[in-house]
Every structure is written in C-alpha cells, then in structure tokens.
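The sequence and structure come below.

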Amino acid sequence: MNKKQIELIELWIRSPKPPTNVLSPRENQQQIRSPSSYTPDSIPSCIFDEPGNEIEIIASESSCSSSNVADIQHVSSSIEYETSNKSNLNKNQNAKSSSTIGISFLRLYKRKIMESLYRLPFTIVQCPNLKLKKPSWIRKPSNTVVLFGLLVSYFLVTAGVIYDIIVEPPSVGSTTDEYGHHKPVAFMAWRINGQYIMEGLAASFMFTLGGLGFILLDQTNKPNMPRLNRVLMIICSFIFILVAYCATKIFIRIKMPSYLT
C-alpha cells in the first residue's frame with residue numbers, strides 16, 4: 001500500500017459510522033470497538049485499489065456502498081486541502097528565508113566595509129603600547145558631591161557667566177531721577193538680551209532656589225522617612241518654589257515693565 005492509501009484508511013477508521021441496527025444499551029456497549037479493532041474485511045475494498053490518479057479513485061468508488069463513497073470523497077477532499085495548505089506554507093517559509101538571507105548578507109557586507117574603513121588609518125599610524133594605571137586617589141564621588149557640583153554649575157550657567165566674560169558689563173548700573181541725582185539700579189531695563197552682573201546673580205539664585213524646592217519635594221517620597229521630617233520638607237519645598245516664582249515674576253516686571261500687561 002502507498003502512503004495515500006494508508007492515510008485514507010486512517011481517516012476512514014476515525015470517521016463516525018452510521019448505526020446499521022438498533023440495539024439495547026448493553027448490546028450497544030458490546031458492539032462498540034476501538035479504532036484498532038477494525039479488520040481489513042471491514043474496510044472498503046475500493047481503498048486498496050491502485051489508481052493512477054484522482055479520476056481513477058473516483059471511478060473505482062462504484063463498488064463501495066453509498067455511505068462509504070461519501071466518506072472516501074470527504075477524506076480525499078481533506079487530503080487535497082491539507083496538501084494545498086502545506087504547499088502554501090512551504091512557499092511562505094521559502095520567501096521569508098530568502099528575505100532574511102538577503103538582509104543578513106547586506107548587514108555582513110556593510111560591516112565588512114566599515115571594518116575596512118576603520119582599519120585603513122591604522123595601516124599608516126601605529127597606536128602606542130601604553131600601560132596606563134588609574135591613580136589610587138581617584139575614587140567615585142558621593143551623591144552629595146555630585147549634587148553640589150550640579151547645583152554650582154547650574155547657578156553659574158543661568159547667571160550668565162559666559163555673557164559677563166565676553167561683554168564685561170558693570171556689576172550695577174545707574175540712572176538719574178527727576179532732581180538730577182544719580183541712583184544705582186540692579187536691572188537693565190528695556191533690554192531683554194542684556195544684563196548687569198548683580199542682575200544675573202539674583203535671577204540665578206532664584207532659579208536655583210526653585211530647583212532645590214523640587215528636589216526636596218522629590219525626597220519626600222522615601223518610604224522610611226519619619227512623618228515630621230516629611231511634613232517639614234514638603235513645607236520648605238513649597239516655600240522655596242513660591243518664593244522663586246514670585247521673585248522671578250517681579251524681576252521680569254522690573255526689567256520689562258510692559259510685560260504681560
């Protein structure tokens with residue numbers, strides 16, 4: 001028997017068979033047999049024929065009964081459906097494998113090109129064989145040191161140190177009142193792109209104070225902090241934020257009196 005006949009026999013055995021007569025429950029239980037109890041005599045003889053193609057199989061089904069013919073037709077159609085699905089899956093897998101092979105080939109080709117470009121300068125220049133050792137006094141800074149350094153750098157950058165070095169403005173300015181008296185001023189009015197040194201330092205201090213308020217507000221989320229400390233830190237953080245906001249708003253009103261009016 002070929003492979004197709006074996007599949008037909010297995011599917012015919014698994015398919016439900018119509019009852020030929022009505023029996024009592026006890027006799028019916030005795031009549032029930034497992035799929036392995038079917039003998040070659042109970043299988044239709046048309047399955048054991050050797051047809052050359054599907055047309056000969058359909059022609060040889062005339063010797064079977066009407067119920068067996070329907071079962072065999074259902075089995076043959078299911079086998080054709082399975083073979084078509086397998087062929088479609090194989091085509092999809094072949095297409096995916098070809099695409100992945102092409103992508104991997106392009107990646108390998110690009111990598112080789114980049115490696116050749118990187119190696120080109122080192123064919124002329126040779127790197128010195130140096131044995132550098134980290135000094136023992138260099139250690140990882142603590143969290144407090146990192147925070148202090150960040151705050152100082154933030155203060156200097158927002159204060160306009162680079163502008164002060166390039167333009168060299170005076171620390172404070174002066175103006176004359178209606179009586180002709182000179183009085184100092186800390187803010188350069190009506191010039192949004194200019195400043196005095198004290199003006200930049202004052203604005204930068206308020207920016208840093210507001211940042212400290214947000215940092216303290218974030219520290220209140222620690223789980224092991226006592227309740228009193230948490231309440232104090234929340235109050236201080238809100239005070240810092242409000243003072244910084246109000247002060248910067250006053251500064252911009254002094255510098256640009258017509259701002260948001």
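I looked up Phe 251 and found it buried, because its relative accessible area is 19%; buried means under 20%, exposed over 50%, and partly exposed in between, with a 1.4 Å probe and protein chains only. This is a predicted model, in which local features need pLDDT of at least 70 and side-chain atom pairs pLDDT 80 or more, while totals for chains, interfaces and linings use all residues. Residues are numbered from 1 along each chain as its sequence is written, and side-chain values use heavy atoms, with hydrogens and water left out.

I then searched the whole structure for aromatic pairs and found 1. I recorded the pair of Phe 187 and Phe 251 as tilted, because the ring centres are 4.9 Å apart and the planes lie at 40°. Rings of Phe, Tyr and Trp (its six-membered ring) pair with centres within 6.5 Å; planes under 30 degrees apart are stacked, over 60 edge-to-face, and the rest tilted. Phe 187 sits in the loop between β2 (182–185) and α7 (197–219), and Phe 251 in helix α8 (residues 227–255), so I noted a link between distant parts of the chain, 64 residues apart. Phe 187 is also buried, at 16% relative accessible area.

Next I looked up Phe 148, in helix α5. Phe 148 belongs to a nonpolar surface patch of about 780 Å², with Val 152, Leu 156, Val 161, Ile 162, Ile 165, Ile 166 and Val 167. Two elements, α5 (143–158) and α6 (161–167), each give two or more residues to the patch. I noted that α6 supplies the largest share, 5 residues. Such patches take residues with over 30% relative accessible area and no salt bridge, joining nonpolar side chains (Val, Leu, Ile, Met, Phe, Trp, Tyr) within 5 Å and like charges within 9 Å. A salt bridge is a side-chain nitrogen of Lys or Arg within 4 Å of a carboxyl oxygen of Asp or Glu.

Conventions:
Accessible areas come from the Shrake-Rupley method with a 1.4 Å probe; for residues, only the protein chains shown count as cover. Helices (H or I, at least four residues) and strands (E, at least two) are DSSP runs, numbered from the N terminus.
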